[in-house]
Amino acid sequence: MPTIALSNFNVFCAVMGGFVTVYGLVSHFVKERLYMSEPLIAVLAGVVFSYGTKWLRPDEYTLFDATNLETTTLTFTRVALGVQLVLAGVQIPGKYCKTEWKSLALLLGPGMTGMWVTSSLLMWGLIPNISYLHALAVAACITPTDPVLSNSIVKGKFADQNIPIDMQNLIIAESGANDGLGYPFLFFALYLVKYAGHHGDGQPQKGIGHAMAYWFGETWCYVIILSITYGTVAGYLSRVALRFAKRKAWVDHENFPFFPIALGLFVMGTCGIIGTDDLLACFVAGNVFNWDDWYRLKTETDSFAPTIDMVINLAIFMWFGAVCPWAAFVHNHGRIPFYRLLALGLLILVFRRLPVVWLMARKIRQCQTLTHTLFMGYFGPIGVGAAFYLHVAMEFLHLIQMDGHVREDAEDLKEVLRLVVWFIIMCSIILHGLSVPAGKLGFQIQGRLSGRQDDVEAQARRARSLRPSPLDAESGMPQPPTRTHKLPPNVGVSSGSSELDLLPKSVTT
């Protein structure tokens, strides 16, 4: 007998496939007419399908275990970022990081540091009962700009019409590089929390010296330097191998555009095995892979990789909508009142990046005008990268234990991280996702108002032209319009003669 099997797998595939299918039917209208971003639509769909219809059930998928849910989300973000960062490295022109090193160095050095410090000060001031060290840890999660959300902003009809190509490339390169460079900021604070916070209780080694030794030795030497080296080697060997195979006609058309996606998955997996920074390695590998610009020009009109990227992005943001702790933003046992969360989210989006970019604008070649500076300063979205660093921090804090339990200060930091980072992610997705359609609507309203004003002025001019001429006082006949003749500059007026003497008789009679 036929049976209805409402298993989680069947329902998940039906919901995900149905959503992508329906979205595909109206995708052009949504993106090119309404200027809505895919991440915002996917998040809203995740909220509806999980909290509304209950078709998506993340808790059941992870056996109602919070640790399993965090691990699943971390894995999901790694896959999305691994693919996206390799594609970001491939999308920018060849040798871009070399030719634009000055702008990138400013944004990745003092730019990221300024965003980190500014965000931490805002959190320290608005979050109750939080130390500045904990504020630094939370701020580190939202310091990198998100490559997935950035890509949705700088691609499409609106971007092509309003954002210079130089600025598009800079935003893509910056978001790709700084996503991997978030590790030093995060682990600077986490190592201090572990070895110096709460007097280092539960740790065999204590003190700031041990924390800085781990930070320099593990984070910089092993994680960052090894990731750059590994990504460079992987990207170079992949480029040489693909060009050789293409020359020998060993690669078919179907597999050629899939190559960078496979490269991203390989680099992500191998970096995970050796415990290094897979995000930075993926971006470096993609950039070195396209160093001579050969692959980008070959696949410029191919849509396979962007299609795979789109499906992954829709899936990850739908998952975000389903697993985001929406209720905890309001009901968190008074840890952070909602009005403080709301104020923090708005202030972070306004002041986290804009003042820093404003101060460096004269040194950044792409910020040629005030509009470019404001755009560069405002559009620093927070998304998948922040969720990745959130769960990396949660895993690290779970290992800070005393007497078999997570240490008290680490447990409190985990709760603050969960509330603040998720809330700011959602604020960024919503506000940045609505900024373009809101701006476009504002331009249309302004254009209609100015058009109405032009119509009013035109009607006034027509009314003046149809107004009857004044009557002559003696004859009562309409007077002809006064004609003023200006003399040529080389015509002089002699003494004893007037300008009227020099005019044609037909005018003076």
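Let me open with helix H14, whose buried residues are Asp 278, Leu 279, Leu 280, Ala 281, Cys 282, Phe 283, Val 284, Ala 285, Gly 286, Asn 287, Val 288 and Phe 289. Buried here means under 20% relative accessible area, with exposed over 50% and partly exposed in between, for a 1.4 Å probe and protein chains only. The model is a predicted one, in which local features need pLDDT of at least 70 and side-chain atom pairs count only at pLDDT 80 or more, while totals for chains, interfaces and linings use all residues. Residues are numbered from 1 along each chain as its sequence is written, and side-chain values use heavy atoms, with hydrogens and water left out.

Helices are DSSP runs of H or I with at least four residues, strands are runs of E with at least two, and both are numbered from the N terminus. H14 is mostly covered, with 12 of its 12 residues buried. From first C-alpha to last, H14 reaches 16 Å, close to the 16 Å expected at 1.5 Å a residue; the expected span is 1.5 Å times one less than the number of residues.

I turn to the loops on either side of H14. Asp 277 is found in the loop between H13 and H14, and Asp 277 is buried, with a relative accessible area of 0%. The C-alpha atoms of Asp 277 and Gly 231 are separated by 9.8 Å, although these residues are 46 apart along the chain. In the loop between H14 and H15 lies Asp 293, which has a positive phi of about 70° although it is not a glycine. At 14% relative accessibility, Asp 293 also counts as buried.

Next, the aromatic residues. A pair of aromatic rings is described by the distance of the centres and the angle of the planes. Rings of Phe, Tyr and Trp (its six-membered ring) pair if their centres lie within 6.5 Å; planes under 30 degrees apart count as stacked, over 60 as edge-to-face and the rest as tilted. How many aromatic pairs does the structure hold? The structure holds 34. In one of them, the rings of Tyr 183 and Phe 187 have their centres 5.7 Å apart and their planes at 0°, so this pair is stacked. Tyr 183 and Phe 187 are four residues apart in helix H11 (residues 182-195), and are therefore separated by about one helical turn. Tyr 183 counts as buried at 10% relative accessibility, and Phe 187 counts as buried at 10%.

Phe 256 and Trp 294 form an edge-to-face pair, 5.8 Å centre to centre with 85° between the planes. Phe 256 lies in the loop between helix H12 (208-247) and helix H13 (259-274), and Trp 294 in helix H15 (residues 294-298), so the pair ties together parts that are 38 residues apart in sequence. Both Phe 256 and Trp 294 are buried. The charged end of Lys 246 sits over the ring of Phe 256, 4.6 Å from its centre; the criterion is NZ of Lys or CZ of Arg within 6 Å of the ring centre and within 35 degrees of the ring normal.

Finally, helix H16 (residues 304-323). Of its 20 residues, 14 are buried, so H16 is largely enclosed by the rest of the structure. H16 reaches 29 Å from its first C-alpha to its last, close to the 28 Å expected at 1.5 Å a residue.
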